[in-house]
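Q: I have a structure to go through for class. Could we work through it together, one topic at a time?

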Amino acid sequence: HTRSFHVTGVQTCALPIWPITVMSLFYRLLTGIRAGQILAQLSCQAASMQCGFMQGKEAADVWYFVGVCLELATHQSVPVHGLVADLVKAYNTLPRKPVFFCLERLGVPVWFLQAWQAHLDQFERFFVVRRCTSDPILSVTGFPEGCPLACAAMTALDFFWHWSISSSVLRVLPISFVDNLELLCDTLPDLFAAASAQEHLCQALDLEIDKP
């Protein structure tokens, strides 16, 4: 079906009426298989408390672990301090070059990364406002949320975040679930140091932390 619409009183050409489609079914099927293979490979290398998209781990593992730490701290009268941060519009703001670099270092084949990056470079989006369709828009950052491979991209960033925090402040335990980043330790100075390291990392990657 098609429908004609008007812009400022002038009739434009008829456009087909289709539901919102981000990716084709064939593309989602193919990339879903590849994303599963990549995540299975990365699961073998992930830190113990990197739980997002990792096999055998889920959000409940984070809640349970933090709950146990609080209970032990209460019973043993020892301090425990933590910090929780969320990335703003995480998938849409992920920097592509650092993500692909991390995936390459983690063992994802270069030929696949090149094909993936070429697809993203040519991927066009359209916006519809009052039935008026915009010109095609390209982007140089971010990963479409409707693409299964975006899960692998976020996982690569989590790998980099875990490594950065662990190497910066040894006494802080980083905990992650997708774009939910948590820090846990027993001293405030170490927590402040880790928070500062996290802030500098996000600034370098052009990522924004959601602040109340």
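Q: To begin, in which helix does His 162 lie?

A: This is a predicted model. In it, His 162 lies in helix H6.

Q: Is His 162 buried or exposed?

A: His 162 has a relative accessible area of 5%. Buried means under 20%, so His 162 counts as buried.

Q: Which side chain is joined to that of His 162 by a polar contact?

A: The side chain of Ser 176 is joined to that of His 162 by a polar contact of 2.7 Å.

Q: And what is His 162 in contact with, leaving aside its neighbours within four places in sequence?

A: Ala 47, Met 49 and Gln 50 are in contact with His 162, and so are Pro 174, Ile 175 and Ser 176.

Q: New topic: how many cavities of 30 Å³ or more does a search of the whole structure find?

A: The search finds one. About 50 Å³ of space lies in the largest cavity.

Q: Which residues line the largest cavity?

A: The lining consists of Leu 87, Leu 157, Asp 158, Trp 161, Leu 181, Leu 201, Cys 202, Leu 205 and Leu 207. Eight of the lining residues are nonpolar, none is polar and one is charged.

Q: Which helices each supply at least two residues of that lining?

A: Helix H6 (149-168) and helix H7 (188-204) do. The largest share, three residues, comes from H6.

Q: Leu 87 was in that list. What else does Leu 87 touch, not counting residues up to four places away in sequence?

A: Leu 87 touches Leu 157, Asp 179, Leu 181, Cys 202, Leu 207, Glu 208 and Ile 209.

Q: What about the largest nonpolar core: how many residues does it have?

A: The largest nonpolar core has 50 residues, and those with the most contacts inside it are Leu 87, Leu 94, Leu 103, Trp 116, Phe 143 and Leu 149. The largest share of this core, ten residues, comes from H6. Apart from this core lies another, of five residues, among them Met 49, Cys 51, Val 62 and Ile 175.

Q: Why would nonpolar side chains be found together?

A: In soluble globular proteins, nonpolar side chains tend to be buried together.

Q: Last topic: what volume does the second largest pocket have?

A: The second largest pocket has a volume of about 160 Å³. Its lining is made up of Phe 101, Cys 102, Arg 105, Leu 106, Phe 159, Phe 160 and Trp 163. H4 and H6 are the elements that give two or more residues to this lining. The lining divides into six nonpolar residues, no polar ones and one charged.

Notes: Residues numbered from 1 in each chain as written. Predicted model: local features only at pLDDT ≥ 70, side-chain atom pairs only at ≥ 80, totals over all residues. Heavy atoms only, no water. 1 Å grid on protein atoms, 1.4 Å probe; cavity = no way out; pocket = protein on both sides within 12 Å on 5 of 7 lines; lining within 4 Å. Points joined across faces, edges and corners; volume = space filled by probe spheres on them. Helix = DSSP H or I, 4+ residues; strand = E, 2+ residues; numbered from the N terminus. Nonpolar A, V, L, I, M, F, W, Y, C, P; charged D, E, K, R; others polar. Core = buried A, V, L, I, M, F, W, Y, C linked by side-chain atoms within 4.5 Å. Buried < 20%, exposed > 50% of the residue type's maximum accessible area, 1.4 Å probe, protein only. Contact = heavy atoms within 4.5 Å. Polar contact = N/O pair within 3.5 Å; in protein donor to acceptor, adjacent residues only side chain to side chain.
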